[in-house]
Amino acid sequence: MSIFSTKKSWINLTIWVLLIALIIAAPSVLPVFRLNLLGRYLSLAIVALGVDLIWGFTGMLSLGQGIFFALGGYCAAMFLQLNSAGEFPNGIPEFFGLYGVEKLPFFWEPFKSSIFTIISIWLIPAIIAGLLGYLVFRNRIKGVYFSILTQAALLVFFNFFNGQQKLINGTNGLKTDVTQLFGQMVGSEIMQRWFFWISAVLVILAWFFARWIVRDRFGNILIGIRDDEARVRFTGYNPVIFKTIIFSIAGGLAGISGALYTVQSGIVSPQFMTVPFSIEMVIWVAVGGRGTLLGAILGAVLINYAKSLVSEALPASWMFIQGGLFILVVTALPEGVLGWIRKDGPKKLLFLLGINKKLETYPSLEVNEQGEVKS
Amino acid sequence: MTSPLLELKQISVSFEGFLALRDLNLVLNQGDLRAVIGPNGAGKTTFLDVITGKVAPTKGDVIFKEKSLIGQKEFCIARKGIGRKFQSPRIFENLSVQENLALAVSRPKTPLSLLMNSLKVKHLDQIQHLMSIVNLQSKANIRAGALSHGQKQWLEIAMLVGQDPDLLLVDEPVAGLTDEETDLTADLLKSLAGDHTVLVIDHDMEFIRRLDCPVSVLHQGHVLKEGSMSDIQKDPLVIEVYLGKSEEEE
């Protein structure tokens, strides 16, 4: 056990050193376009951490994380739109004029405050996730039914946001790159560099937070719920509360992630709530390694970077590659890339390729022609 | 006379017309050790499901410490002091032996306490003590899924004791164990009775005989006969429905 955990911590340490070196080196090495992409992918790693908490640890496969991701994005975008609406007619964001709206809808009002916005970015998704989760978990909806239900909820939110032109500009979404913050354009290079740093720091903080949650008995209860929920109940714990809390935390992380992604991609729209995008989040975690936390970060960053590189070279092929990657991981590396590395996968692969010799863990036995062991 | 710890009154359970239990009565006093036997389908497991709140009875009442348990959630019943061991060992396979026990002994069992507080020293001592009872000290940090079948059964019993229940419901603790392990389990359960009230369900006659305690025979959802093992074995009715049949099958 002790050997196992030191090896595990060595692998973790190596990956962290590489990751932090990448983050520190990136701003001076990468052109701002690439840096912005990396910043976006780091922000996506935060939603992936949430998916890992609820799926990897607790065993609840949510296909609706896009809801909370988009909500966080809308909170940030509403603030930025209001912050730079001064010059427009009625002092409200420009798009309202297109639909003849003259008065700011009531729920926009609190987003004039920056403090309210910073809190609401994670708190609103967390509360909605908590409410939705509580109703679902209280009725003991699990497994496939839970997945279907979250996906249905995603579609409800998507259709609602898509249709509300007069409230939140419907299908067009809210643009943020031409808005102002601290006297700068949000889409400007200097702001984008800042957002990169904020994303990088928040990913690391989110990792520490997630790590802290699962480090001890709370995390063990989550694993217990995943493996045998009835046993958890008969041991005297109420699984509903634990599931609600963790689902709510994942919702909050998704909100932070969505807000950071929005300011770096320049727009939030109902496209954040499409079905494929929420499924992609699950794929990042599956490829990186379920229940490893670090794997979720790696999966989100690497797959998305691969996506942008492949899409530039061969525009139509990414979906095939992503599908193939997912199938490969599910069949060949069921524990994801990180799980595979931790379980001596590379060593075994070298052996399969004939590069490395297999260690003799058992004394070799003499075998006769029939394959029987000689006595 | 003090009131009994657990009392089942006229319990009936109907699954879409099929009566799994009918008018079942049973009384357990503080410190009792009681065995329940019965052929397959006699309703043994359903009867535990009713006590632990997994199945709601169609009729009747379950009284525990003078209060009804009907309509209570499973985790509430567990917190009131009823621990249950399942037929096949159900432990948290991906946690270590020590972590399994830590979850059982933790108090209070609320999310905040699990997240914020570390385990108290008295609970750590309790874990060590539990591991020594079931001989798993050397396996403290081993993944529970890697234990042998017998060790898993014992770990589950240890988790049960760690919950510090007044009543232990033990469902087929010796299924799949070797003779030696069976004897040790019998001794273990006997040593637990007295401080706790223990109710054991099993098929294994040799094991029940070793427990040396009153036996209730369950047949078609109600108690056919109660008495000592030797009385039971002489009863013609019991022989007919259970003992005789099982010998023929062999």
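**Architecture of chains A and B in the predicted model**

Of the 375 residues in chain A, 43% are buried, a residue being buried if 20 or more other C-beta atoms lie within 10 Å of its own, exposed if 12 or fewer, and partly exposed in between, with C-beta atoms placed from the backbone. The model is predicted: local features need pLDDT of at least 70, side-chain atom pairs count only at pLDDT 80 or more, and totals for chains, interfaces and linings use all residues. Residues are numbered from 1 along each chain as its sequence is written, while chains are lettered from A and ligands numbered from 1 in the order in which they are written.

Chain A contains 16 helices and four strands; helices (H or I, at least four residues) and strands (E, at least two) are DSSP runs, numbered from the N terminus. The C-alpha trace of chain A spans about 95 × 55 × 35 Å along its principal axes. Among the contacts in chain A with a separation of 6 or more, 79% are between residues 24 or more positions apart, where contact requires C-beta atoms, placed from the backbone, to lie within 7 Å.

Helix H2 (residues 32-57) of chain A packs against helix H11 (residues 239-265) of chain A at an angle of about 170°, and their axes are 8 Å apart. H2(A) is therefore roughly antiparallel to H11(A). Axes are lines fitted to C-alpha atoms, for helices over the stretch in contact, and angles run from 0 to 180 degrees between N-to-C directions; those under 35 degrees count as roughly parallel, over 145 as roughly antiparallel, 65 to 115 as roughly perpendicular and the rest as oblique. Residues of H2(A) in this contact include A:Asn36, A:Arg40, A:Leu49 and A:Ile54, and those of H11(A) include A:Ile246, A:Phe247, A:Leu260 and A:Ser265. The contact of H2(A) with H11(A) comprises 16 nonpolar, seven polar and one charged residues. In this classification Ala, Val, Leu, Ile, Met, Phe, Trp, Tyr, Cys and Pro are nonpolar, Asp, Glu, Lys and Arg are charged, and the others, Gly among them, are polar.

The largest nonpolar core has 169 residues, and A:Ala45, A:Ala48 and A:Leu49 have the most contacts inside it. The largest share of this core, 16 residues, is contributed by H2(A). A nonpolar core is a set of buried Ala, Val, Leu, Ile, Met, Phe, Trp, Tyr and Cys residues joined through C-beta atoms within 7 Å. Leaving aside neighbours within four places in sequence, A:Ala45 contacts A:Val203, A:Ala296, A:Ile297, A:Ala300 and A:Val301.

Between the chains, 20 residues of chain A are in contact with 23 residues of chain B. On the chain A side, helix H9 (217-227), helix H10 (229-234) and H11 each give two or more residues, and H9(A) supplies the largest share, seven residues. The residues on this side divide into 10 nonpolar, five polar and five charged.

In chain B, six strands form an open sheet of mixed pairing in the order S6-S7-S8-S3-S9-S10; strands pair if DSSP finds at least two bridges between them. Strand S6 (82-85) and strand S10 (222-227) of chain B are the edge strands, each pairing on one side only, and the twist averages 20° from one strand to the next. Strand S3 (residues 33-37) and strand S9 (residues 215-219) of chain B pair in the parallel sense over three bridges, with B:Ile37 opposite B:Val217 in S9(B). Helix H1 (residues 44-52) of chain B lies across S3, S6, strand S7 (167-171), strand S8 (197-201) and S9 of chain B, at about 150° to S7(B).

A further open sheet in chain B has four strands in the order S2-S1-S4-S5, with antiparallel pairing. Its edge strands are strand S2 (18-28) and strand S5 (67-68) of chain B. H1(B) packs on this sheet too, touching S1, S2 and S4 of chain B, and its direction makes about 65° with that of S2(B). Strand S1 (residues 6-15) and strand S4 (residues 59-64) of chain B pair in the antiparallel sense over five bridges, and B:Lys9 stands opposite B:Asp61 in S4(B).

Nine of the nine residues of helix H3 (residues 97-105) of chain B are buried, so H3(B) is largely enclosed by the rest of the structure. The cover over its buried residues includes H9 of chain A together with helix H5 (121-133) and helix H6 (149-162) of chain B. B:His123, in helix H5 of chain B, counts as partly exposed because it has 17 C-beta neighbours inside 10 Å. Beyond its neighbours within four places in sequence, B:His123 contacts B:Val105 and B:Ser106. The C-alpha atoms of B:His123 and B:Val105 are 6.4 Å apart, with the two residues 18 apart in sequence.

Conventions:
Two residues are in contact if their C-beta atoms, placed from the backbone, lie within 7 Å.
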